[in-house]
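Subject: Structure for you to look through

Hello,

I am passing on a structure for you to study, and below it I have written out what was found. Please keep the model open beside this email while you read.

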Amino acid sequence: MTALVGVAPPRRMNPVRALKHGLTLTARSLLKVRRNPESLFDVTFQPIIFTVLFVFIFGGAISGDWRSYLQFVTAGLLVQNTIFLTVGTGLSLNNDIDKGVFDRFRSLPIARTGPLVGAVLGDAVRYAISMAVMIAFVAILGFHFAGGFLATLAACLVLLGFASALCWVWVWLGLTMKKPQGVQAAGFPVLILLTFGSNVFVPANTLPGWMQAFVNVNPVKHLVDTVRGLMVGGPIAESLLYVALWAVGLLVVFVPLALRAYRRRT
């Protein structure tokens, strides 16, 4: 068949070019942060506020003194704070689509996955900043990193990997919901259930039997066990396996759903 005059044939993007486009759009996401530094308020102040509230309000009642509770709850708060931040990925995408930003992306010769990968990787930098702020703050409060620097770094990398997989759920919601309020309404109740219905704040064996049954299949529980084991010492092999399986499952299910929703929305 003769090609139409003046119409360039569609180019199939290879994975290397697609990754390059995703990294370019990641730089765009970070540039938005530089031009709007107040967007980092949640990643800098939220972990400090969470730590102060839970450690000093509940520490004495749960553990007898706030210092011992700090050793227990820090890993859980690190997980909770990072997981809460993942919703922002969906909110940001929803806002960009509503403003017509993705219509401009569609007119460019870039990989279809580029804008989504760029948004996820850009927000992963925000998660890392939030983790660094919280770790620095609990160190000032006197938290003892029994696992050492490398184990703490490994804990942050595991958490960052899981959060990057989880945020594809909110990417999908951000592309399917009409307004940001819909993303928030669907996301936060789920996150509250997952974080408070886990071992973030109290040991799982102190909960009622029926709740323990839910906690034991809750991915957040296994994530907290892994991060806590690396930071303060303890077994992590089984919990790390569960975290890896959950992360892979989230990617397998929600990346295709997000790409399909993106094609329909744009």
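Helices (DSSP runs of H or I, at least four residues) and strands (DSSP runs of E, at least two residues) are numbered from the N terminus. Please bear in mind that this is a predicted model, in which local features need pLDDT of at least 70 and side-chain atom pairs count only at pLDDT 80 or more, while totals for chains, interfaces and linings use all residues. Residues are numbered from 1 along each chain as its sequence is written, and side-chain values use heavy atoms, with hydrogens and water left out.

Let me begin with the overall picture. The chain has eleven helices and zero strands, so that the pattern read along the sequence is α-α-α-α-α-α-α-α-α-α-α. Of the 266 residues of the chain, 44% count as buried, where buried means under 20% relative accessible area, exposed means over 50%, and partly exposed lies in between, using a 1.4 Å probe and protein chains only.

Pro47 and Val133 are 86 residues apart in sequence, and their C-alpha atoms are 7.2 Å apart in space. For Ile49 and Met134, which are 85 residues apart along the chain, the C-alpha atoms are separated by 9.8 Å.

Helix α3 (residues 66–85) holds Val79, which is buried, with a relative accessible area of 0%. Between Val79 and Val200 there are 8.0 Å from C-alpha to C-alpha, although the two are 121 residues apart in sequence. Ile192, in helix α8 (residues 180–196), is partly exposed, with a relative accessible area of 42%. The C-alpha atoms of Ile192 and Gln80 are separated by 9.0 Å, and these residues are 112 apart along the chain.

Next come the helix pairs. Helix α7 (residues 148–176) and α8 pack at an angle of about 155°, with their axes 9 Å apart. That makes α7 roughly antiparallel to α8, and their crossing is right-handed. Helix α10 (residues 219–232) and helix α11 (residues 237–265) pack at about 130°, with axes 8 Å apart, and are therefore oblique to each other; α10 passes α11 in a left-handed crossing. The axes are lines fitted to C-alpha atoms, for helices over the stretch in contact, and the angles run from 0 to 180 degrees between N-to-C directions. Angles under 35 degrees count as roughly parallel, over 145 as roughly antiparallel, 65 to 115 as roughly perpendicular, and the rest as oblique. A crossing is left-handed if the near helix is turned anticlockwise from the far one by less than a right angle, and right-handed if clockwise.

Finally, a search of the whole structure finds one salt bridge, meaning a side-chain nitrogen of Lys or Arg within 4 Å of a carboxyl oxygen of Asp or Glu. This salt bridge is formed by Asp225 with Lys221, the closest N and O atoms being 3.0 Å apart. Because Asp225 and Lys221 are four residues apart in helix α10, they are separated by about one helical turn. Asp225 counts as partly exposed at 22% relative accessibility, whereas Lys221, at 15%, counts as buried.
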